[in-house]
Amino acid sequence: MKKSISRRTALKGLGTAIALPFLESFAVAAPAAPAVAGAPKRLAFVYVPNGVNMAAWTPAAEGKLKELTGILEPLNSFRDHINVISGLTLDKARANGDGPGDHARAMSAFLTGRQARKTHGADIRAGISADQHVATVIGDKTRFPSLELGIERGQQAGNCDSGYSCAYSSNLSWRGESTPNAKECDPKAVFERLFGGVDPKELAEARAKRELYNKSVLDFVMEDAKGLNATLGSGDRKKLDEYLSSVREVEQRIQKAREVSRAPVPKPNMAAPTGVPKDLQEHMRLMADLMVLSFQTDLTRVATLPFANEGSNKPYKMIDVPEGHHDLSHHGSDATKLAKIKKINTFHMEQFAYMLGKMKAVKEANGSCLLDNVMIVYGSGNGDGDRHNHDDLPILLAGRGGSTIESGRHIVFPKRANTPITNLYLALFERMGAPASSFGDSTGVLKL
C-alpha cells in the first residue's frame, strides 16, 4: 500500500513552505481512515471599473450560450464554464439622496450591498464584503482566510469622488464596515507571502540568501521534494514536476519584471522603483497565476482581484487607447469613444480568459479541473459608464461550483424587478458552506 499523505503536506526548507497541489496519493488513506472528500470549492471576485460598452457585452438571446461576440469573444473556449447574468442591480451604488459619487459607491457597494457613508474623513462606513463573510466562516480551513490582490494602488484617505473617501473607490474587500482590506499589488510580495514559510526569522534569512546567491525558493526544498517523489506513483511525479515548474516560472517572471522596473528612468520622470511590472498585461497575468497557485495548493479558498480602482483614468496605450479610461467612459454615445471603451473591456476580458485557461489546466480529484470547482464573479458596479446606472450590471459567473451550477447560459432577470446582486452572493455562500439568511440588501437566494 502506498504511504498515506496528508492534504496539508508542504515541501519545507529554510524559510520556505511550498504547499502541494492535489495528488492522487492524497486519496490513498490508511485502512482505518475515512474516505478523502473531493476537491474543495473556491470563490473569487474580479472587478472592472467604469462600467462597460453594454451593446458589445450582452448576448443576443437568453438561454444556452451560442458563439460569443464583442467583449465576450475571448471566452468562447470557456462557454461551458460560464454564465452571463443580465438584469442584476446594485441599489446601494445609487445616490439614494446622497448626490454625486457613483464611482465610489459602485466599488464600495459591489461586495457589501451597503450604502457608503458620504465622507472623506476618518469616519468611513460601508459593510463587510461577500468575500470576508465567507472567509470568516471557512477561513480556518486554509493557511490564509482570504487573499486580496490588486493591480492599481489606491489611497486610503482623501477626497476621490464628490465628497467620498478614496478608500471607497480603492477597496473591494471590507473586513468590517469601517475596515477595508488593502490589496497587495506587488507580485513579489504576494509570492513571498504564499511560499515564504511562516517563521519570520527564517523567512528573512532565506530571502536574504536567495537574493544574495540568486536562488529560487525551490532550491531550499529540493531535498524534501526528492524524498516525497520516492513515495509517489508515476502520474503524481509528473504532476508534481509540472506544478513545481509552474511555481518556478512565476518566480522567474516576477524577478524579470522587478529587474525591468529597477532600470534607471530618465529625468525629469525619475520615480522610485516599486517592483510592480511596467507591462500591464504581464502584471495582470502574474496576479492571475498567483491566485491560481493559491487555489491549487489550497492556501486559500477566497480571493479578490480588481483590475483597476473605480473611476480609474488609466490609459491603455498598448492597445492604441492613449486616452484615460474614465474620460472615455463619459462617451455621450460617441461611436469613436465607444469603440475605444470596447477595446479596453476586451483587453480586460482577455486577461480573465487567461486566468480561466490556467484554472482549466489544473487537474483535481475525480477527473475534475480547478475551473470545475471555483465560482468567480466578474463584473462592475456600473452598467453604462456614461449613464452611471447601477441596474442591468455586466456580470459573469465562471466555474461550476463543484458541479452545483449549470453553466453555459445567458440568464436574464427583468430590469423592473431590480433583483439585487447580493441575492447571487447568498447562492454562492450556500455552496461555500457559509450560508446566510440575508446579506446587504438581499431579498432572497438567487436560483442558479
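1. Eight strands form an open sheet in the order E4-E17-E5-E16-E15-E3-E12-E7, and the pairing is mixed. Strand E4 (63–64) and E7 are the edge strands; each has a single partner strand, so one side of each is left without a neighbour in the sheet. Two strands count as paired if DSSP finds at least two bridges between them. Helices (H or I, at least four residues) and strands (E, at least two) are DSSP runs, numbered from the N terminus.

2. Basis of the note. The model is predicted: local features need pLDDT of at least 70, side-chain atom pairs count only at pLDDT 80 or more, and totals for chains, interfaces and linings use all residues. Residues are numbered from 1 along each chain as its sequence is written, and side-chain values use heavy atoms, with hydrogens and water left out.

3. Overall composition. The protein has eleven helices and 18 strands. Of its 448 residues, 57% count as buried, where buried means under 20% relative accessible area, exposed over 50%, and partly exposed in between (1.4 Å probe, protein chains only). Among contacts (heavy atoms within 4.5 Å) between residues at least 6 apart in sequence, 72% join residues at least 24 apart.

4. Strand E5 and Ser86. Within the sheet, E5 and strand E16 (residues 395–398) pair in the antiparallel sense over four bridges, and Ile85 has Ile395 in E16 as its bridge partner. Ser86 lies in E5, which spans residues 82–86, and is buried, with a relative accessible area of 6%. The side chain of Ser86 makes a polar contact of 2.7 Å with that of His410. A polar contact is a pair of N or O atoms within 3.5 Å; within protein, one must be able to donate a hydrogen and the other to accept it, and residues adjacent in sequence count only if both atoms are side-chain atoms. Leaving aside residues up to four places away in sequence, Ser86 touches Thr58, Asp392, His410, Ile411, Val412 and Phe413.

5. Pro414 is found in the loop between strand E17 (409–412) and strand E18 (419–420). Pro414 is partly exposed, at 37% relative accessible area. Although Pro414 and Leu88 are 326 residues apart along the chain, their C-alpha atoms are separated by 8.4 Å.

6. Nonpolar cores. A nonpolar core is a set of buried Ala, Val, Leu, Ile, Met, Phe, Trp, Tyr and Cys residues joined through side-chain atoms within 4.5 Å. The largest has 72 residues, of which Trp57, Leu75, Phe352, Met355, Met359, Ile376 and Leu396 touch the most other members. A second, separate core of 36 residues includes Val302, Met375, Val377 and Leu397. Residues touched by Leu396, not counting those up to four places away in sequence, include Trp57, Leu75, Phe352, Ile376 and Val377.

7. Helices H2 and H11. In helix H2 (residues 130–138), seven of nine residues are buried, namely Ala130, Asp131, Gln132, His133, Val134, Ala135 and Ile138. These buried residues pack against strand E3 (42–47), strand E7 (147–148), strand E10 (174–176), strand E12 (302–306) and H11. Helix H11 (residues 421–431) is itself mostly covered, with ten of its eleven residues buried, among them Asn423, Tyr425, Phe429 and Arg431. Just after H11, Gly433 takes a positive phi of about 75°.

8. The E13–E14 hairpin. Strand E13 (residues 315–316) and strand E14 (residues 321–324) run antiparallel and are joined by two bridges. Pro315 stands opposite Gly324 in E14. Four residues lie between the strands of this hairpin, in which Asp320 takes a positive phi near 65°.

9. Cysteines. A disulfide is a covalent bond between the sulfur atoms of two cysteines; here the criterion is a pair of cysteine sulfur atoms within 2.5 Å. By this rule there is one disulfide. It joins Cys160 and Cys166, with sulfur atoms 1.9 Å apart. The torsion about their S-S bond is about 90°, so the disulfide is right-handed. Cys160 is partly exposed, with a relative accessible area of 39%, whereas Cys166 is buried at 1%. Cys185 is buried at 1% relative accessibility, and Cys369 is buried at 6%.
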